[in-house]
Every structure is written in C-alpha cells, then in structure tokens.
Amino acid sequence: MHRIYLSVCAATFSVIIAGWWSPSAFSAKERPGSPGIPVEKVAAYLYAVIKADRTVYTTEIVNRLQEKGVTTASEHWEQENALMLPAQFLQHAGKLAAESGSGIRYRLIGLWPIYRRNAPASDLERSALESLRKNPGQPITGIVTSGRKQFFQAIYPDIAVSPACINCHNSHQLSTKRDFTLNDVMGGIAITIPLE
Amino acid sequence: MMTPAAPLACTDSRWGLQLKLILSMLMVGVVPLMVGLGLAFWQGSREIQTVNGESFKALAEESARKIDLLVSDEVARTSRIAADPLIIHELEQRRDALLDMTDDERRRTVEQRKEGWEAKDPVAVQAITGSTMAVLLQEYFSGAKSEADQLIPQVVRSATKMLYVTDIEGNLVTALTTIPPFANKDTVWWNGAFHHGVGQLFIEDVHFDERAQTYVITISLPIMDRIRYGAIGVIHRVIDAKDFFSPSIAPIRFGKTGHVMLIDHRGIVISCPILPTGVSLSDLQLIPLVTPLQPGWVSAPSDGHGGQSRSIIGYAPVPETSRATNGDLRNGSWHTFVWQASDELFAPIRHLLTWMAVFSLVSVGLMASLGYLAANRIVTPVRRLQAAAQLIGRGELLEPIDIRTGDEIQDLADEFNRMHRQLEAAFAGLTDQVAMKTQQVESLIHSTDQILDAVPTPIIMVNQDEQVQYINRVGRDCFQEIPKAGSSVALLDILPVDAAMREHLRTEFRRVRNGEAVGIAAEREDAALVNRARDPLAPSMGTPEPHSRQEVQIGLRRYRYEWFHMAGRNQGEDRIGLVFRDTTDDSRLQDQLIQAEKSGSLGTLTAGIGHELNNPLFGILGLGEAIEDEASLERVRSYARDIVQHGRRMAAIIRDFTGVTTRETSDQRQPVHLERELDQAIATLTGSMDVSRLTIEKTYAGDTTVLALPDQLRQAFTNLLMNAIQAMKGRGSLRLTTVLTGTSVVTTIVDSGPGIPKQHLSKIFEPFFTTKGQGDGSGLGLTVARRIIKKFGGDIRIESQEGNGTSCIVTLPVIPLSPPPQEASCTESISRSAPQPSAS
C-alpha cells in the first residue's frame, strides 16, 4: 500500500525536480524575468510532503493500529511481521527516492544515531543539528560541494512527535543517548538537491 | 492340639488362598507402578522436548545477536575507513578526473592501469598498494588508526583475506595486497554496494573464493562523498568465514554434542564446530524448517549432520546482518542453528527410567517377600479351620479348635466350636431315627414285594432301555427266562412270542415310553369285534387282526395285558410297567356261550319249521289214507281239495321262510299310501283273529305316501300288529298313530300288553328269537319287519317297560308332494301280480 504511495510520492518529486532542474530552469536563470522557483522553496515543498507522509503514517497507521491491538511497529518488522517504525518509513522512502535517479536525496540524521550511517556527514549538517536543537523553528540551508559538484542542502528539525520514537531511541542497545522526551529535537531531515 | 490334615498340603491344581493373596498384592503394586512409569516416561519426554526446544531457541537467538554484533562491528570498522576524509577526498578527485576525461581517454587510462596491475608492473602495483590511501588502509587494518578500545582483534585481522577500494567504475584504487582483481564492475557485490550511486551495505553469502583459496564471506560498503550524497567508490572486504565466526561460535558447546552453527538461507554451513564450511545440510527437507524469519524450535526428523534420528533443533535469524545479505532481506538471510544429539538429549530420562525400573524390581521383590509373610499369617489359621471343618465333617473332631488371632478368624473358630457342639447333640438323636426309618422302608419294600408276588397276574417293570428290572413271582413262574440278580434281561427276551408280536409289543412300548396312550383304541376294536360275533347270520367281516387286540398268546395260555407308566423318583429314570391277565378261561367260556346260543337258535328254527310243516303234512297223510279207502268221488274230491289247501299252506310256510331273502331283488317300488296299508293289515288280522275285546284307536296324519312295495310294507305292519295283538292276547287297547315330521312319517303302534323283559329287549330283532310258544311264531316276524323297513330307508325302534306295554315306532321317508299320477298307477299295476303275503 505505502509502496504505491511512495512511488506516487517519488513521481511527484521527479516532476517537481525535473521541472526545476530541466534546461528550462537554467534558461530561466540566464533569462531574468522568466518564472522560476527559489531552491529554498523547493526544499520547503519537499519537506512539507515528507513531513505530511510521515505524520499520516505515524498517526493513522502505526499509532492507530497499535492502540487497537491489531499489530505493532518494530525495527525488525520483516522478521516479526510487524509495521516498520516511522523513522524507517522515512529512510526507506528516501532510499527509494534516491534509487529513482532523480537526484533528490533526503535522509534522517542525528547527533546520537543508532547506526553510524545516520550521523551527520558534513560540517553543515553537524552545525545545523546543533543549531536546530536550540532553535527548531527555522531550517538551516546552505550550499555544499563534493569535489566540483555543488548541492543545496536544507536541514529541518525532526521532533519526537510520538512516544514510539523516544521509546525506541531510549531503549535501543546501540543508542548513545537514552533520555529523549516528547517534542525533543531528536535530529533533522536533510534534503539535498544538486545544483548543476 | 490338632495338626493340619495331609490332603491340605496337596491342593491339586487350584490356586490356593496364599498364592492368590501374594498375587493380589503384587498386582496392586506392580500394575500402577508400570502405568506410572510409562506415563512418567511419556510426559517426561514431552517436557524434555519442550524445555530443550525453548532453551535451544533462546540459545539460537542469543547466538544470532552475538553474530549480529560481530558483523556489525566489522561493518562499523569498515565504514570508518569508508568515512575517512582523505579517502573520500581522493575518490572525489578521481571521480571528477574521470568525469573530465573523454570516453577514449578514460578507457585508455583504465586499460593501462589494469594491464600494469595484472602484469604486476612495479609502478602500477606501487600506485595501488603503496599510495597514501594504501598506507591509510594499512593503518586502519593494523589498528593504528583505531582508538585504544577498538583494536582489531587478531582473529579478525587474520580472517581478512582481502581489503581493497574501487572507484565509481569498479576499478581497483587501492589494496593491501596484490591478490585483488582490478576490474570489479561486473561483480555482484560491487553492483550491490554501489547501487547506482545510491550506495548500500552488501554482505555476500558464503562461497569459495579462488584468489583467497577458501570459503569466504564479503562485506562491501559504498564510500559516499563528503556530503553523503552519492557513492564515489566501494570498499570491499573478503573474510574467511570459518576463521571469522569460529571464535564466536565454536566455544558455545553443551554436553558432548550440543553446539551452535551458522547457516545461510540455502542451508550452506557458514560456520560449524562439526561440519566444514561451505557444505550443505545433509537433509534438504530440514532447510525450510529451520530458516524461517522468526526464531523457534522444531522436532525434526533428522539432525542435519547426517543422523536420521528425531532431533530437537532451535533456530533464529541473524536479524540485522540478514537485512544486508545480498543487499536485501528478500535475497537471503543468515540463521543460527542449535542442536544436540537426541541420544544425549534423552539420556537423563532414560537413566531415570532405568533407575526407576531397577528400584521397581527391588520393590516388587520386597512386596513378594512381605506379601508371602503376610499371606502366610492370614492363611495358616484359615487352613487350620479348614482341617477342623473336615474333621467335623467326618465326625472325628475330638478337641475344640484353638485359634488365638484376635480377629474375625478367631470368631469364626469359636462359631465352628459352637456349631460342632450343636451338631454332636443333634446327631445323637438323629442316628436312632435314621435306623428306625430305614427299618420302615425295608419292611415297606418287603411288603410291597409280598403284595406283588401275591397278585395272580404277572407284573413286569422295565426301564427305558427295555431291560427288565422287576418281575413278580407269578411272572417268574410264567415266563421262560428269569433274570438273575445283577444281570439284566431284555423284556422281549423273556416273552416267548413270535416276531410280529415282538415288533407290535416294541412299538407299544415306545409309545408308552413317549407318554402316548395305547389301550383305548384297542379296547374299542375289541368291543366291536364282540358285537359282530353275536350275529351268526351277519356276513363275516374276515378274521380279526390278532395284534390289534392287547392280547398275547404265550404257550397254551392267552393273556390280556396293559402298559402303565411310572414316573421316576428323585430324578431317577421313568419306568414302564406291564400287567398281564390270563384270559384263556374267559375266552373258552365265551366261545362255549356263543356256540350254545347258535345251537339254540338252530334248534328253535328247526323245531319251528318242523312244527309248522308237520301239521299240514299229517293232514295230507291222513287225507291221502282216507282217499285210498273212500269210494265216494264227491268225498275224494273234497279230500283232494283239502290236500291242495294243506299243500298251499306248506308252500306258504316255506315261502315265508325263504321269502325273507329271495324276493328282495325282484321288486319294483311305488308310491304307497301308508295309512291304507296299515288299515289293510289290521283288516287282514282282525279277519283271522278274535279281536272282540280289542279297542283300536287310530290317529292318522292324513294320506301319507311313501315309496315302497305295498305287499311287503303291509307284511311288515302285519308282523308288528300281530306281535302287538298276540302280546295283548286279544284284549286291551291298540293305538295307531302316524305323524308327519318334515321329510319322514313316524308310525307308532302302542299296545297295552305286558311289555318286554329287559333281558329280551336286546334280542328281539334277532332271527328265531321268540317268547311265544312252540308253533305260535317262527321268531322271524320282527326280523323280517325290520329288514323290510330298513330296505325302504326307514327304521324300527322298540320301547318297552315290563308291565307297561310296548311302543313300536316306525320311521319312513315320505315322497315329496305331487308325484306324477301316470307313473304311479303303472307301478301299482305291476305290483299286483306279486303273491299276497300272509302272516306267519
């Protein structure tokens, strides 16, 4: 079910990104006056979609079914025939979006990740996470480079909206921080958009 | 004190009380013991299965977690290398350089480096194994780069067969050794880890590596660019599976055979203390049972190690590692497998059972011994009681029974003593009574014998098999064979009769034995036979069957006999009695009587005929003599007429006598008026007899017609009326009545004569029987009348009481009304030619 939904989601991104990244976008830059969307706005749009998807999944699927006792969410959901955790939902969706070849990347990062691959990869990400902890209201954006490649990156705060989030992080044996509370900024959602 | 009687010791094949008691105790003990042991073994086995299964499952899960941590550690260690900024920087530059080149340039450069590497060109090899990156790699591998608490263990280091890095095209960038291949773009692991630039962890299943010359697993990690946007290379690690996992798995041993092993989803062994790495589980059917994605345990038909015994196997997937095996959980997974040989597993319960069986045997032995003692204690006084009871039975108990057990058996012994005393008292009087009764019975038997011997007829008692059991004195005198005491003789052997009679007697004996009556039918036949013998003129019915009568001829004597049935007493068999009566003298007397009667009748007949004929004959003789001397013709003629008259009279007498039989055939019957014939008969009689003092009353029904011969009918009536008139001696009253009753007419002739004596009443229809004087009657009147009436379908009955007159009742069938008159007249004319009857 959510697979179909994710595909639709990815398609949406593709259209948005393609529309923004196509030669016409470049020509828009070269030709001032023609319509174009600032990359910050694109990131904001994406964040809205990602957040909405995850909220729907968290509240309407995971929380509801857990409360009704139909099923539970578990990290090893494949082996336990359970629902995936909301964080895994976001990560898997991000992986699927990356595999689509559109160039868009988004992932969850944190200063106290359970798995090292989710640690901040760049200085921007690290400083953004630290700054978001203090001021979660505003996303941190910036231009980053990989070799000669340039990317726009926006890091939005990831807030513990569900008890499932903090319970898992506080009890996981690989977790390095175990005192999360509700509405804490647990990490961030890093959206990366290539600029060439 | 008495001693147990000898017969008690040998209680033949019966089960004695003692044996039964011991067996009962054993059964009560052993059966629940066996049932309990069986149930305990069954339940114990089940519980051992469950308990061990759950333990194995827990151990499998724990081992899986351990493996997971081990792999995770290694992945983390590798990912630290992949995250090294220097390596990332170097690979980013290489990526950009490759992107800057044209396709041709890129191909040429790669080709050149490849050739140099494969040809072991020192420059090319140095560029890969001696570069800054290679030094860094070496530092990571040796642990120099690791923090103090994260040193790579020696085993991990020795297990790592290859460690190298490729660029975005899969070409070798740097390596620790010269073994790795240069181009890796077409390998599964490279494509899996690079994953179109997205990058993902890729752990390869166990397989044989040609370059490492061993079974290996590989861990491939993408090297992401500095912002983790895309993969810029792959770090690949080839690890000897056995060397890597053995230190973690091999030490987990329990018992002699219990161990943990690691297999992949195809059932290929990754590491096992017993099986070599790389082989498959021996039983392919076991693989789906132990490789589900959830932990559990199963009671499998084989152990996967070549054994075919039922085994308890715990299993669990390696959770996190399985997610990365072959890139995705769907492409493969790793599982732990915990097993212990069932021989060993069930050894404790088997030992328990053995020990319990041993102790049970000891218990049974104890039970048997104690049971013997207990039974002996119970049985001994019972045997003494039994012996005492036998002595009482024989009347030989002299001393009272002395049993002091203080329980019911002692009470029983006391009861026996009391019973014995009472019996002794009772028996003292009883013996005298028995002697007296015996004497009575003997005298009764003696007197019965005397009575039976005194009976003048033979009496024989026979048992069911025809054997003579008793024969009285007369019988012994009469019959040839007298059975000696002790020897049995068959009934028919002592009766000297012919074969037919023997067979007849045997048939009768069987009928009597079966409870059927035999005497009555024979009696009836007997009576009929006697009746027939009384009528000498009646046609002979042939010789009567001698054996149909219960009579038997033995020697010169003739006996009537009778069977009787005697029910056996006291369940003895029934007996058949045979009583004889000597009828030799009776039969002779009877024969003499019949003979006398016949001679008498013939005498009467002769006298009657002689007398009747004598008178006219003397008349004829006298007249004949007179004619000789008579001169007068007139007188001669007169005498001649008288002679003729006398002759006619003689002829009439003879006709009367003979006519009884001779005329019967030639007659033609015709309708006759009964009253008219009756009146004519009276008229004939009154004409020839003195009836002046006789009153005749007639009460006629009317003109009644019967089918008869008028002359004969008139003669019958004449005979009857003459008897009546003669009986009244000419005075008195004669009543004639005809009454029509349905189809017959009843004619009654009642006289007021002296009646007929009772002794004569039965003989009056016999021929020549008469009470009249010589010459008054032939004795044939009533005989003739009855024959005539019977011929016409009627009957005559005489009722008389001495002194009160006689009634003669004649019944004749009447002719139905309106007969054809022509025919009647015709018949009448014929009948007239018949000679006139006359009264005798």
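Let me begin with strand β1 of chain B, which is joined to β2(B) by three bridges, the two strands running antiparallel; strands here are DSSP runs of E of at least two residues, helices are runs of H or I of at least four, both numbered from the N terminus, and two strands pair if DSSP finds at least two bridges between them. This is a predicted model, in which local features need pLDDT of at least 70 and side-chain atom pairs count only at pLDDT 80 or more, while totals for chains, interfaces and linings use all residues. Residues are numbered from 1 along each chain as its sequence is written, and chains are lettered from A and ligands numbered from 1 in the order in which they are written.

Within this pair, Thr166(B) stands opposite Leu172(B), and the hairpin has five residues between its strands, with Gly170(B) in the turn at a positive phi of about 85 degrees. On β5 (residues 231-240), also antiparallel to β1(B), there are six bridges to β1(B), and Val238(B) faces Met162(B). Because six of its seven residues are buried, β1(B) is largely enclosed by the rest of the structure; buried means 20 or more other C-beta atoms within 10 Å of a residue's own, exposed 12 or fewer, and partly exposed in between, with C-beta atoms placed from the backbone.

Turning to helix α6(B), residues 132-142, its buried residues are Met133(B), Ala134(B), Leu137(B) and Tyr140(B). They span an arc of only 120 degrees around the axis, which puts them on the same side of α6(B), the arc being that of the directions from the helix axis to the C-beta atoms. Just after the helix, Gly143(B) has a positive phi of about 95 degrees.
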